[in-house]
Amino acid sequence: MKFERISLEQGLSQSVVETISQDSKGFIWLGTQQGLNRYDGYNLRTYLNDPLDPSSLKYNSVQDLYTDKSGKLWIASYADTISTYNNRQDNFSCFNIRDKLKSDHPALQITSIAEDSKGNLWIGTYEGLIKYETASGIVKHFNENVKEANSLPCERILCLYIDEDDLIRIGTREKGISIFDEKKMVFENYKITDLKDAGEIQNRVYSIYKDSRNNLLISTGKGLKTFDLKSKKITDFEELTEGSELLRESMIQCITEDKNENLWIGTRNNGILFYDRRHGNFQNFRFSKTDNASVSNDRILKLFNDSSNVTWVGTFAGGVCRADCEQKKFYHVKEVLDEKSKVFSDKITAFSEDVFHNLWIGTHGDGLFRISNKEGNTENFRDNKKNENSLKGISVFSILDKVSDLWIGVSSEGINRYCYKNDTFQNFKLPDSKYNEVSCIINFPDKESRYLLVGTTGSGIFVFDTAENKFTPFMPESSQSGISDSVKCMLIDSNNFLWAGTINQGLKKINLKNNDVKIYRADSPDNKSISDNYITVIAEDSRKNLWIGTRNGGLNKYNKTEDSFHNYSIKSGLPNNDINGIVEAEPGILWLSTNKGISKFDTMAETFRNFDSDDGLQSNEFNEYAYYKASNGTLYFGGVNGFNYFKPNEIKDNPYVPEIVITDFQIFNHPVKNSLTNSFLKLNITETKEIVLSYRESVFSFEFAALIYNNPLKNQYAYMMEGFDKEWIYSGTRRFATYTNLEPGDYVFRVRGSNNDGIWNEEGASVKIKITPPFWKTWWFKSLGALSVAGATGYTYRQKLAKIEQEKKAQEEFSKSLIDREESERKRISKELHDSIAHDILITKNKAELGMKRIADPEMKKILNEISELSSQTLNDVRSISNHLHPQILEKLGLTKAIKSVVKHVAGSTGISFTEAVENIDDIQPVELRINIFRIIQECTNNIIKHSGATEASLNILKDNRTLTITVWDNGKGISKNRIDGLGLTGIEERVKLYKGELVIESAKTKGTIIVISIPYKNSI
């Protein structure tokens, strides 16, 4: 089980997590000893007491959380106050229980909350049991009375549980369990043990839990117990067959059950005891210093299973961690090891299964391993120079089972035959060959089944006679070029053609009947050629389709009719273009291992479903040769961190649909805090139905989240602004949307989201947006203006308008000419610097270095060394100036990557935390607009570096319809109005005007600067 940790580094207020709950919207709430935390899968929001704010959390120490049937969240602390969270206002209401009881008791230390069928709250304290009637506000107190046999046996209550029968089950600190029947006003008391020498710890009840099988489970100071509801007897929980001793002796603090009926049992010092009831498996999850995916602490305080079957673990000093109970069943063996010889390996290169169904595993550097099918024992076979019958070679690339023998292809040592009968190896080296690295071994289609085809990565293909133990070069007579020296993989298809994949020499097809050879290369001008010349794997599926994997060109399907290839790549949906393995799980379904995870390919629908390390894979990087389908249908894929095995039919999508919420609203990149006096946001953004803005709030943003926690980094999003966007904008995993300069009017912002497996909540969340116009755009001002214009002389007005338009056009043409000439001159000087001056300096540097090698005089060597170093420095300066004059990265990388490179350079070379969100804008037209956009970004970043004094900055570039919007923000000292014309902003304004764009600058001293540029553009044709 993989655990993801959330602690102080991720923003948790304190590392002791006492309690966990989920509210009706889907937020996870974490109660600690120092504050309450709300988690949305990405960010933590902390709530603390503010003495000056009566609507803040009353106490920071949170002991219990409870979400009632109406969805209200209740917060209990050790003190005598209960708080409720007001979602509409994002604040808290508190009431003091002791005051309502009119008690002079010094304090009521609250430990737990539960709810009965009527909606009344029952509150456990260190001073007895309290009932709070939520409808009337009446509070009743039940405490210990030693004079009455049927009273509460112990005032110190640790936990409460209420079933549908409304009987109150009470766990006490030292007197076992008590059941309160309010109708009879009777407490029935049951000790965990009546042994005279039993201490109070053995009668301590930390939690009471009813599982899906109607068992009442009791977590005690010594073991897990079962309370029989009929006989009222308490017994040891005996369902576990293995590990029951640890369960009996451990102090059990909490328990929960996931939606697969697995029991999660939290202990005080022994981590989590996990019981898989369906398969009868027992596991102990413990903290490990070397494994970041282990549980974060062995002292477990709280277990909670949420609505999407994620189990949350609250720990002492380890924060909280979560485990996805819906995680894909990619079983991970981190390393194969032999306990006897203490040999282990995590670099897996080959698999095979023998006639006894034992699994054989080849490794890189550690020989061969065999895992017994019956006992599960692992044995390692290695190259032993002292033993002639040992395996020869340390790296295994190919394993072939031939009933009586196992054939192993290794690096440097040719092939090995393993004999099952006498448990020995026999080695055969290639004849007269410089290279003995065997990449693949397959059966030759002969009647006697005595021949093998052996592919090598330096000596071509050989035929090996297993009866005579003799190699013969395989060289079709009609082929002058023969078979490439570097063969990576081979396959004999259903039509008896031999296919050989090579390293950088393409794919070879050999007709075994007449030895004709056809070579397929990627250098064909036809786009129906094979996509790459480095062939890694060849497979034929059950429908006799041929599939070819390549190193850099993705996957290819061979079309027999047209003798051509169809390519599938990253653009088609593959996670990566390096294909390392191909296995058909069922007709039409291929599983592909790549250098970015594993992909499930539906060949009929031509769709890919990609999985990575977050889904439980050993790593995203898998190895060539390391793929296999066992006789029972299990698939094996090996990589750099062990191997994965799985049953394809067990890899299912997460069925849970997420709740979608808007989590934040920002104006000019500043979060807006709701309050009754805030004209923009009176209610919590999660509850807001409408936002009214004026035209001045020209840049605003929304942040949103899908409240599902199985693997939130894979949740997908789509949004649109109805009234502006023509269609949904699919933003991938990006969780924010920014809008600039919307026209006054009414809009609706909508957002949808999916879970980690692409199951969407189509309804999503929405909020109305109303933007009010400036007074000069109101109907009354326009009407007044129209009357004024009607009263003026029309002819004179049109003449002036035409003259202004003519002057404006002349100015634009002059600006364009000036900017074009400037860019042309920059380019000319840049070329001169790079091609001429830089070349001369480089020659000087090389001659100085040549002189240092030939001259023995130390002083002269020193002088030449100084010349060389000075030349290098000057050469770097010249190249830097050249690149600034004309950015070569723009031509090499394209506009989008060039802009990202600028931001990355600023973030890496200054103390400014500079982030970017840049959509692909390589296709914008006209072409000359691209250099101007790059210059605008350059100038903006230069201003931030030189003048802003900022510590944070961001660049957003969005394409909406046919408008490009550039937003540059920094938190620096701001720009005063009399300096806006300076700092290079005039040049930016000229470039923006040139393309009929709009430039808006919002800035004030000490409050930072935001520059918003809108430029119309054309899509590429």
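How exposed is Arg 45, in terms of relative accessibility? At 29% relative accessibility, Arg 45 counts as partly exposed, where buried means under 20% relative accessible area, exposed means over 50% and partly exposed lies in between, with a 1.4 Å probe and protein chains only. The model is predicted, so local features need pLDDT of at least 70 and side-chain atom pairs count only at pLDDT 80 or more, while totals for chains, interfaces and linings use all residues. Residues are numbered from 1 along each chain as its sequence is written, and side-chain values use heavy atoms, with hydrogens and water left out.

**Salt bridges**

- The structure holds 43 salt bridges, each defined as a side-chain nitrogen of Lys or Arg within 4 Å of a carboxyl oxygen of Asp or Glu.
- Arg 45 pairs in this way with Asp 90, the closest N and O atoms being 2.6 Å apart.
- This pair links distant parts of the chain, since Arg 45 belongs to strand β5 (residues 44-47) and Asp 90 to the loop between β8 (81-86) and β9 (91-96), 45 residues apart; Asp 90, at 6% relative accessibility, counts as buried.
- A salt bridge of 3.7 Å, N to O, connects the side chains of Glu 164 and Lys 210.
- Because Glu 164 sits in the loop between β14 (157-162) and β15 (168-172) and Lys 210 in strand β18 (residues 205-210), the pair ties together parts that are 46 residues apart in sequence.
- Within that pair, Glu 164 is exposed, with a relative accessible area of 64%, whereas Lys 210 counts as buried at 19% relative accessibility.
- Lys 347 and Asp 346 also meet through their side chains in a salt bridge, at 3.0 Å from N to O; Lys 347 is partly exposed with a relative accessible area of 33%, and Asp 346 is partly exposed with 22%.
- Salt bridges that share partners join Lys 131, Glu 133, Lys 140 and Glu 182 into one network.

**Strands and helix**

- Helices (H or I, at least four residues) and strands (E, at least two) are DSSP runs numbered from the N terminus, and two strands pair if DSSP finds at least two bridges between them.
- Strands β49 (residues 546-550) and β50 (residues 555-559) run antiparallel and are joined by 4 bridges; the bridge partner of Trp 547 in β50 is Lys 557.
- Helix α8 (residues 928-948) has 21 residues that should span 30 Å at 1.5 Å a residue, and its end C-alpha atoms are 29 Å apart, which agrees; the expected span is 1.5 Å times one less than the number of residues.
- Just after α8, Gly 949 takes a positive phi of about 65 degrees.

**Nonpolar cores**

- A nonpolar core is a set of buried Ala, Val, Leu, Ile, Met, Phe, Trp, Tyr and Cys residues joined through side-chain atoms within 4.5 Å.
- In the largest nonpolar core, which has 62 residues, Trp 312, Phe 700, Phe 702, Phe 749 and Ile 769 touch the most other members, and strand β62 (residues 699-707) gives the most to this core, with 7 residues.
- Leaving aside neighbours within four places in sequence, the contacts of Phe 749 include Ile 662, Phe 702, Phe 704, Tyr 719 and Val 767, contact meaning heavy atoms within 4.5 Å.
- A second, separate core of 36 residues includes Leu 890, Ile 966, Leu 994 and Tyr 1017.
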